[in-house]
Amino acid sequence: MSARALSQSSTASDLISLTKPRLSSLVLITAAGGMFLAPGHFTPVRALVTLLATAGTVGAANAFNCYLERHSDQFMARTRNRPLPAGRMDPSTALWFGLSLTAVSLPALVMGANLLTGVLGLIALLSYVLAYTPLKARTSAAMLVGAIPGALPPLMGWTAVTDQMDAGGFALFAIMFLWQMPHFIAIALFRKDEYAAAGLKSVPLERGDESSRAQVVLYLVALVPMTLLPFQLHIAGTWYLAAAVVLGLGFLGLGAWGFFKHLGKPWARQTFLYSLVYLTGLFAVMALDRIPRG
């Protein structure tokens with residue numbers, strides 16, 4: 001392969017990395033889940049356009065985030081090799097990439113789905129870039145703000161089909177919102193030193209480890225009953241109910257174990273990993289046990 005081809009391949013790889021593919025894939029799974037669970041008919045073509053537009057919107061938000069956090073990213077092991085802190089890309093390239101994705105994705109979201117879904121996509125992008133990102137260096141309450149754009153994708157999937165916000169869509173939003181709390185706190189616990197070096201605020205740094213473990217338990221106490229709503233709203237059936245109870249009690253038990261035993265970083269990492277298994281399992285069983293409506 002020629003040097004020019006290698007350079008183009010490297011640039012393309014770096015541009016893709018700005019979209020944070022692993023995070024974006026999780027977002028797409030929840031958006032697709034909301035779309036699949038919603039009552040009504042949605043053609044495969046419109047579904048594909050909506051998901052691609054959602055991916056572009058999320059990618060744009062992440063590119064802007066990489067641009068704004070390029071200096072603090074140098075101090076964290078998981079981010080220091082990104083294109084901007086590593087010096088492989090000019091910051092203006094990342095900025096224009098984010099702007100280009102936004103210019104294409106938001107109109108495509110409106111055309112592929114509807115105006116409501118497009119507005120929700122815009123809210124997700126703006127709240128992530130203009131509220132959550134700058135607040136991370138000021139207060140641990142940024143976690144609550146950041147959970148809003150993180151919880152919007154399943155609601156967007158729901159509204160793409162229904163063109164309205166109702167109890168089913170809000171239930172999916174609430175589940176995603178609450179799930180992010182123990183997930184974020186667990187990350188902040190086992191990466192506490194990196195957050196401090198980067199100048200970013202977190203619950204462990206502001207409130208301490210004991211308070212962080214207590215908050216994990218409290219959020220899980222709220223999350224577990226919230227996950228029963230899809231059954232109560234006749235979105236999913238009894239298999240989902242059983243899975244939600246088992247997965248939820250496992251999550252709550254893991255959180256309580258860490259709190260009462262005063263556990264540290266290994267437990268926090270286990271909690272983070274379980275949170276990923278939990279969410280994947282919850283949405284998978286919900287989709288498999290979906291109750292057709294409309």
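E210 is partly exposed, at 33% relative accessibility. The classes run as follows: buried is under 20% relative accessible area, exposed is over 50%, and partly exposed lies in between (1.4 Å probe, protein chains only). This is a predicted model, in which local features need pLDDT of at least 70 and side-chain atom pairs count only at pLDDT 80 or more, while totals for chains, interfaces and linings use all residues. Residues are numbered from 1 along each chain as its sequence is written, and side-chain values use heavy atoms, with hydrogens and water left out.

**Salt bridges**

The side chain of E210 meets that of R213 in a salt bridge, at 2.8 Å from N to O. The term means a side-chain nitrogen of Lys or Arg within 4 Å of a carboxyl oxygen of Asp or Glu. Both residues sit in helix α10 (residues 209-226), three residues apart, which is about one turn of the helix. Helices are DSSP runs (H or I, at least four residues), as are strands (E, at least two), numbered from the N terminus. R213 is buried, at 7% relative accessibility.

How many salt bridges does a search of the whole structure find? The count is seven. Three of them are tabulated here, including the E210 pair.

| Pair | N to O distance | Relative accessibility |
|---|---|---|
| E210 and R213 | 2.8 Å | E210 33%, R213 7% |
| R82 and D73 | 3.3 Å | R82 17%, D73 3% |
| K265 and D193 | 3.4 Å | K265 39%, D193 53% |

In the R82 pair, R82 is buried, and D73 is buried too. The K265 pair sits elsewhere on the scale: K265 is partly exposed, and D193 is exposed. K265 and D193 form a salt bridge. This pair links distant parts of the chain: K265 belongs to helix α13 (residues 265-288) and D193 to helix α8 (residues 192-198), 72 residues apart.

T271 is buried, with 1% relative accessibility. Which residues does T271 contact, leaving aside its neighbours within four places in sequence? They are A186, F251 and L254. Contact here means heavy atoms within 4.5 Å.

**The domain interface**

The chain divides into domain 1 (12-159) and domain 2 (166-293). These bounds come from an automatic or database domain assignment. The C-alpha centres of the two domains lie 21 Å apart. Domain 1 gives 30 residues to the contact, and domain 2 gives 32 residues.

Together the domains bury about 2900 Å², 73% of it on carbon and sulfur atoms. Buried area is the accessible area (1.4 Å probe) that two parts lose on being put together, summed over both. L37, M143 and W158 supply 23% of the area that domain 1 buries against domain 2, more than any other three residues.

What does the rule find across this interface in salt bridges? It finds zero. Polar contacts do occur there: five residue pairs, both residues at pLDDT 80 or more. Such a contact is a pair of N or O atoms within 3.5 Å; within protein, one must be able to donate a hydrogen and the other to accept it, and residues adjacent in sequence count only if both atoms are side-chain atoms.

On the domain 1 side, α2 (21-37) and α6 (142-162) are the elements that give two or more residues. The largest share, 11 residues, comes from α6. By class, this side has 18 nonpolar, nine polar and three charged residues. Nonpolar covers Ala, Val, Leu, Ile, Met, Phe, Trp, Tyr, Cys and Pro; charged covers Asp, Glu, Lys and Arg; the others, Gly among them, count as polar.
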